[in-house]
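Hello,

Here is the structure I promised to send over. Have a look at it first, and then read my notes below.

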Amino acid sequence: MTRKTHGPDDEGLPMSRVKPVADDVRKELEFHLHERARELEARGMSAEQAMAEARAQFGDRRIVEQECETIETRRRGTKRRAERWSALRQDIVVGLRVLRKSPGFTLSAVLMLALGIGANSAVFSIVNRVLLRPLPYENANRIVTVVERHDNNGWGNLPWANFVDIRAQSKSFDALASYSSGPATVLGLSSPIRANVGIVSADFFKVFSVRPFKGRFMNSDEHKFGTPAVAVVSYSFWRDRLGAPSSLENVRVRTDRDYQVIGVAPDGFTFPESNHIWTALEAVERGTSRTSHNDETIGLLRSGVEPLVAQREVDGILSGLSKIYLPDFDAVGAKIVTLQETLNGSFRTPLYLVLGASALVLLAACVNLASAMLARGTARTAEFTVRFALGATRLRVIRQLVVESGMLAFAGCACGLLLAAGILQVLRALAPEELHLEQVTLDGWVVGFALVVAVITTLLFGLLPALRLSRANVSLALRDGSRGTSGVGRMRAWNLLVATEVALAVVLLSSSALLVKSFNKVLQNNLGFSADSVFAARIELPEILYEDGASIRTFHERALANLRALPGVSSVGFVNRVPLTGANPSGALMVEGKPESPKGPFNAYSIYRVVGGEYFGALQIPLLKGRVFRTDGLPEPTPSVVIDEAFAREQWPNEDPIGKRVMVRGMDPGNESWLTIIGVVGSVRNQSPTTPFAATYYFDYHARPAFRVRRAIYTIHTSASETAIAPLIRKAFADVDNQVPVAISDFSETVTDSSASRRFPMALFTAFAAVALVMAIVGIYAVVSYAVAQRTREIGVRLALGATPLGVRTLVLTSAMQAVVPGLVVGALLSFGSASLLRNQLYGISPFDPVALVTGVALLAVAALVSSALPAIRATRVDPLLAMRAE
Amino acid sequence: MTDTRLRLLKGTFDVLILRTLSWGPAHGYAISRWIASTSQNDLKIEEGALYPALRRLEERGWIESDWQLTETGREARFYKLTDTGRKGMQAELAAWERYVAAFARVIAARPEGSIA
């Protein structure tokens, strides 16, 4: 049994009650006066004389009384504090000894707390940041994105003409703006730089309710075609690039035109994405097409208007327009959702699932902690009983327990916070860029919540056993020994807890197995190209310097030649848009000899790319048939086009497409010519690693004088390292034109990043599954160990009566499995539910993939067997005689 | 009537109290009486001054107290010397003895000539 662990002040109540200070002082002085008066009386004075004389000799009684009271009050305060401190110190010393004596219990309790607090704090902080906290704009909940729905289940940006009609007719918006944004070369600064430039329509800034930090935004006259070129710049651009001029007069930036800077946006405003210059969209002619989906639309809903209500209104407007403009019209309705949803919506389900998982993990941690504390408390019943019997006050024992539990809670919280910081660090590194988790820190409220839950659990379950034992039943408990408080009821409750943990772990394990499997599918997916040893060099030719097609072509020819000459470079090409870059420009076209579609003469729809040099070679996109564009710089003899496999299969499943002709709608309005197909290449994933291959055709940049490929990504296949090749690439471009800055990146990193949005939830789930598994193992181990300890005597009897060790082990394991098996079954059932929630996160496997489920269940079953086998084996090492005498 | 009793030197009262308690626990009145009678009433002490002095000694941890019944059956606050108090008293007494002896030597000494 535990040694006596209480302090000397446990024994004995104070014999006399401590008098209140005033009484204590008054009584003492009264005693003096009384005794003195009696003595004087004995010498013959009258009672009154004697008292008067005693008082006179005493001096000023009031002053004495006051002084004594002050000193006494101070003395008692000091004494009380000292006692309290020494008691606490003693409790801590005793507590540490107790905790050190059972390291298994202590470690597992601290681990439980740390995992529960750590996982929760980190995940809640992220969820809070991504889903709950509004975007940093005024009226953020009213800012929406507007796109149109198409009948092929897809969607596209609003064409300018549709945007204008919706803006004129809709009553749902306070402001509606169209914009596009992309990198551009900015000239007119000390050196040319690349910056994102936004082209925005009137009311763009009104959507965000921002006011200029300096100067003004563009007015309605400047949002018109053919007006002087003016621009607004971001605060950081004004400060860092322009040198924070106090007057904007004569401050100019040159991109496609020479712009007068008229205003500076407030600090921090860089919508849509690190945007530093905004110019008027209307300054460029917009066209009347209702099928070109170039610019994005953003709006500020009128106060009180729900996105869905606005969407219904815009649906009506679009259906009215379609009646006028069909067949040159492809919208069938609108889709209006909040900007928050557009930016982070795809992470909502996985994050909520993870949030649920982390809450369950905290629950499991508390459950484990509670059962461990209860088991321990029950095991110590005899110790408490003895201490009560020896006269310790209940308060004293409870205080000891509070200190013990408090130390556990403290250690657990400290480890938990460290763990939370660590987890957050990892998650930040794993998170896809668009979540912007760089600035996420642990949220104070979240951490506070987890700490409070953990501390309450620890204290509550640490104290419960002592609270149950009142002085009244001490004698009973003494007689009963440690059997007194065990019970079938409690075992049943614990079995329930264990079953819950098991079910939870099964759900998390099978979910994460699904996600891991799906992620592997994504990774193994054939992208159609290889990014290995390819560097991407992005350039934007400034329109102000490259106005006509000839100068642009010359630039590309010279750049290709310079790059080809670099050491270690095996092939170089360029493209206007690389694979895996989201939504793709596409257009309708006419295939010769095919029936016209009901909507018009154009009978096919395809993504297109403009390429130069050995683009296909650099990305190892295989040539399947025919040939690719010539690379000797000479133009093709006839207007020609290369198509991909998906295009070929779609149009000519059983024919050779080489030599067939297509015409591209709107390519050279009024002067469209037939393009001859000269080759078929393999399909690539143009949008994301998981979007199906879609028909694509490739133009040669030489093909038409009208092509102005100012935005190009050069793909450079080389055996050289980035540090070696990057300066050479820069020089190759600078030798052509040093006014064109280049952004160089390892293209394989782009490919890796494209799967970050899947890796993130997978990593989170896997982490939580691992934690849940640990929780279940610890939980099962704790409960089975406790059950074995409770049944030591019974096991001893059984062994003495001839039961075999195997039989006893089977007995222990069987009772453990009574809790585990229902947990496994319930977990498997729940897994189906959680899997269907995950459906949208999965790629290439069914949410009811049996392997994932079996993995989860099997892993847990093995873990459960192992964690209950250890105490079961220990049970049979019991010496029957000792066991029966154990109490 | 003029009071010809001696004024008590600062710091000496505590020594008297401690010395008194060194003969055994006593309540305030008894201490007061003992000092008065042994000094043959030649010290000018306001009786009330004893009590703050006692409390202060108690605060210093040199004496401790509890309420007990006197022989006459009344409740009184009895003080007794603690171990610290006993050591303290011995040190103070020694210091006082040296002080008094030194004082006496100076007073008693006669120069053989001029002291300059």
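What follows is about the interface and the salt bridges.

This is a predicted model, with local features needing pLDDT of at least 70 and side-chain atom pairs pLDDT 80 or more, while totals for chains, interfaces and linings use all residues. Residues are numbered from 1 along each chain as its sequence is written, chains are lettered from A and ligands numbered from 1 in the order written, and side-chain values use heavy atoms, without hydrogens or water.

Chain A puts 24 residues in contact (heavy atoms within 4.5 Å) with 22 residues of chain B. The area buried between them (accessible area, 1.4 Å probe, lost on being put together, summed over both) is about 2,300 Å², with 52% from carbon and sulfur atoms. A:Glu28, A:Phe31 and A:His32 supply 28% of what chain A buries there, more than any other three residues.

The interface holds 11 salt bridges (a side-chain nitrogen of Lys or Arg within 4 Å of a carboxyl oxygen of Asp or Glu); over all chains, the whole structure has 42.

Happy to talk it through!

Best wishes

Technical notes
Buried area is the accessible area (1.4 Å probe) that two parts lose on being put together, summed over both.
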